[in-house]
Structures are given as structure tokens and as C-alpha cells.
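The structure comes first, then the details.

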Amino acid sequence: MNTEFSFSPEIKDRITVLVVEDNLLNQKLDSFILNNWGLKHEICSNGLKAIQRLQQKSFDVILMDIQMPELNGYDATRFIREELKLTTPVIGITAHATAGEKEKCLLIGMNNYISKPINEAELHELFSVYLSLSHSSETAETAELKV
Ligand code: MN
């Protein structure tokens with residue numbers, strides 16, 4: 001196990017990550033990395049499922065794929081910000097590292113983005129920033145689902 005990318009026991013205990021990704025292979029890769037880091041996480045296979053889950057449970061950081069069936073990452077993030085009113089950090093997973101796509105991630109309300117295939121060091125750096133900023137959890141219990 002690579003100890004270079006570790007998190008404190010306090011973070012491991014407190015944090016839960018939501019991974020929103022439709023591709024099975026990418027789900028497994030993300031899970032493998034997060035398990036290695038000792039971070040609790042759940043996986044939703046599209047934006048709609050993620051929104052439904054966020055109405056039941058709070059997460060500390062959201063890893064959000066862009067291209068997904070049912071509801072894509074842009075629309076899911078817009079809903080998370082505008083309807084659920086959640087400020088949970090969202091990191092977009094971009095397939096095409098074009099300036100336009102990255103810009104759109106930020107415009108829509110994502111905090112940051114990472115390109116596929118996910119680089120472990122890069123993701124760890126992003127998580128280090130957003131997990132250390134995360135102090136309290138929040139849920140979107142009262143928001144209505146109207147996608
Ligand atoms: Mn996808």
C-alpha cells in the first residue's frame with residue numbers, strides 16, 4: 001500500500017465521498033483508489049441517483065463524472081447548487097480536457113475538475129484541499145426533486 005497518499009485517522013473517520021460515475025471500470029478504479037486511502041465512499045451510477053442519495057445523506061466531497069445517462073454531471077451539479085442548495089465540494093471528471101469543458105465545470109458550480117484517466121496524485125491533492133476545508137456536513141432534506 002502506498003503511504004504517500006494517506007489521510008489522517010480523523011479524516012478517514014469523518015469523511016464520506018460520493019462518486020458519481022456510470023462506467024463500471026471507472027467505478028472500480030475510483031473505488032480501488034479510495035479504498036487504498038481508507039476513505040469511506042458510495043457510488044451512484046448517474047446524476048439522478050446521486051441527487052436522490054444526497055437528499056438522504058450528507059457527503060463531504062462529490063466526484064462527478066460529466067457524461068452519464070439519465071442526468072449528466074453538469075445538470076446534476078446545477079441541481080445540487082440551485083435546488084438542493086448544497087455547498088458540498090464537487091470535483092468534475094472531464095473526458096476531454098478542453099478549456100471549454102473545464103470552464104463549464106466551474107461556471108455550473110463545480111469547485112474543480114480532474115481529467116480522465118484519474119491520476120492518483122492529482123486527485124489526492126484536490127481531496128487534501130477540499131477535505132481539510134470541510135467542517136460540517138449538510139443534507140438536503142427539504143429540497144424537492146424536480147429534475
Ligand atoms: Mn461517463
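Start with helix 1 (residues 9–14), which holds both Arg-14 and Glu-10. They sit four residues apart, about one turn of the helix. The model is predicted, and side-chain atom pairs count only at pLDDT 80 or more. Here the two side chains meet in a salt bridge, 2.9 Å from N to O. Arg-14 is partly exposed, at a relative accessible area of 30%. Glu-10 is partly exposed too, at 46%.

**Salt bridges**

How many salt bridges are there by this rule? The count is four. Side chains of opposite charge can pair when their charged atoms come close.

| Pair | N to O distance |
|---|---|
| Arg-14 and Glu-10 | 2.9 Å |
| Arg-53 and Glu-42 | 2.7 Å |
| Asp-65 and Lys-116 | 3.1 Å |

Take Arg-53 and Glu-42, whose side chains meet in a salt bridge. This pair links distant parts of the chain. Arg-53 belongs to helix 3 (residues 47–54), and Glu-42 to strand 2 (residues 40–44). The two are 11 residues apart. Arg-53 is partly exposed, with a relative accessible area of 22%. Glu-42 is partly exposed as well, at 24%.

Next comes the salt bridge between Asp-65 and Lys-116. Asp-65 is in strand 3 (residues 61–65), while Lys-116 is in the loop between strand 5 (112–115) and helix 6 (120–133), so the pair ties together parts 51 residues apart in sequence.

Is Asp-65 buried or exposed? Its relative accessibility is 2%, so Asp-65 counts as buried; the cut-off for buried is under 20%.

**Helix 3 against helix 4**

Two packed helices are described by the angle between their axes and the distance between the axes. Helix 3 passes helix 4 in a right-handed crossing.

Which residues make the contact? Helix 3 supplies Gly-47, Ile-51 and Leu-54. Helix 4 supplies Ala-76, Phe-79 and Ile-80. Of the residues in this contact, five are nonpolar, one is polar and none is charged.

Definitions and conventions
Residues are numbered from 1 along each chain as its sequence is written. This is a predicted model: local features need pLDDT of at least 70, side-chain atom pairs count only at pLDDT 80 or more; totals for chains, interfaces and linings use all residues. Side-chain values use heavy atoms; hydrogens and water are left out. Buried means under 20% relative accessible area, exposed over 50%, partly exposed in between (1.4 Å probe, protein chains only). A crossing is left-handed if the near helix is turned anticlockwise from the far one by less than a right angle, and right-handed if clockwise. Contact means heavy atoms within 4.5 Å. Ala, Val, Leu, Ile, Met, Phe, Trp, Tyr, Cys and Pro count as nonpolar, Asp, Glu, Lys and Arg as charged, and the others, Gly among them, as polar.
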